[in-house]
Amino acid sequence: MKIGDFARLGQVSIRMLRNYDELGLLVPAHVDPWTNYRSYTAGQLARLNRIVALKGLGFSLDAVGRLLDEDLTVEQLRGMLVLRRAELADELRSTTDRLAAVEARLRLIEGEAHMSEREFVVKSLPALRVAERSFAVSAPEEIGQRIGPLFGEVYGAIRAAGVEPGVGISYYVVGPDGMECHAGFGYTGEPAPGVDVVELSAVAEAVTQVHLGSMATIGESWQAFGAWLEEHGGEPAGPGREVYLEAPMDDEDAWVTELQLPFVRRS
């Protein structure tokens, strides 16, 4: 069949077929010596499909040629597709997280002028026994996709131990290489499989504020502590805590979260 007909059946352009010919990837079955017209057979559609599939998986045309020489089976191509799909899904999640982080940072910039308008309360914090699990991240934008499922796992472990979970709480310990995130619930039972039971010490003084709504905007509330500490001559004295006073699973905009930051006054 003529090159135009073959291109139409193969759902590619004539220019692409000519390129594949020049590279030796898909040589026409016949080239008229007088007109130089290319013609193909229906059987060559199978090789064309493999070229397009491998190119779509991200392989260079040189690599496509080497892979075709290995005479890949359909099962091998399917396996490569599954692997590439997983890689692209990871890339998409990573890109989405980066964009969300940029958006959150822009909200911080937009809200800088209003940070002094927030209401803060200084109070002591009682000791709290918590059943928790933790994980480490290298960047704050990684927290969102991991902390929700972790809360679910801790909740399930506590209920399996026959204990009613208390208030939800998370706290964050910042180190030189990233952040350690702890998520759990107030707990009064015995040690249970699947969770760590820890005692959070009482705090003499903590500055607190209430954050209303989604966790997507909680960074603005945390940054507002900076201006308060500067104004009142204080400095952080321990990990900040988030206590989830109201957290309906079907409406994050209705969440009520108390942010607690232990501090000491500079002499």
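Helices here are DSSP runs of H or I with at least four residues, strands are runs of E with at least two, and both are numbered from the N terminus. Keep that in mind for the whole talk.

This is a predicted model, so local features need pLDDT of at least 70, side-chain atom pairs count only at pLDDT 80 or more, and totals for chains, interfaces and linings use all residues. Residues are numbered from 1 along each chain as its sequence is written, and side-chain values use heavy atoms, with hydrogens and water left out.

Start with helix H1, residues 3–10. Which of its residues are buried? Ile-3, Phe-6, Ala-7 and Gly-10 are; buried means under 20% relative accessible area, exposed over 50%, and partly exposed in between, with a 1.4 Å probe and protein chains only. These four sit on the same side of H1, because they cover an arc of only 100 degrees around the axis. That arc is taken from the directions from the helix axis to the C-beta atoms. The other side of H1 has Arg-8 and Leu-9, both exposed. Just past the helix, Gln-11 has a positive phi of about 60 degrees.

Next, helix H2, residues 14–23. Its buried residues are Leu-17, Tyr-20 and Asp-21. Again the arc is only 100 degrees, which puts them on the same side of H2. Arg-15 and Glu-22 are exposed on the face turned away. Just after H2, Gly-24 takes a positive phi of about 80 degrees.

What do the buried residues of H2 pack against? The partners are H1, E2, H3 and helix H4.

Now the cores. A nonpolar core is a set of buried Ala, Val, Leu, Ile, Met, Phe, Trp, Tyr and Cys residues joined through side-chain atoms within 4.5 Å. The largest one has 21 residues, and Phe-135, Ile-143, Ile-147, Ile-158, Tyr-172 and Cys-181 touch the most other members. Strand E4, helix H6 and strand E6 each give two or more residues to this core. H6 supplies the largest share, six residues. Another core lies apart from it, with 20 residues, including Ile-3 and Leu-48.

Last stop: Gln-209, in strand E8. Is Gln-209 buried or exposed? It counts as buried, because its relative accessibility is 3%. Its side chain reaches the backbone oxygen of Ser-221 at 2.6 Å. Setting aside neighbours within four places in sequence, its contacts (heavy atoms within 4.5 Å) include Arg-118, Phe-120, Ala-224 and Leu-259.

Key
Polar contact = N/O pair within 3.5 Å; in protein donor to acceptor, adjacent residues only side chain to side chain.
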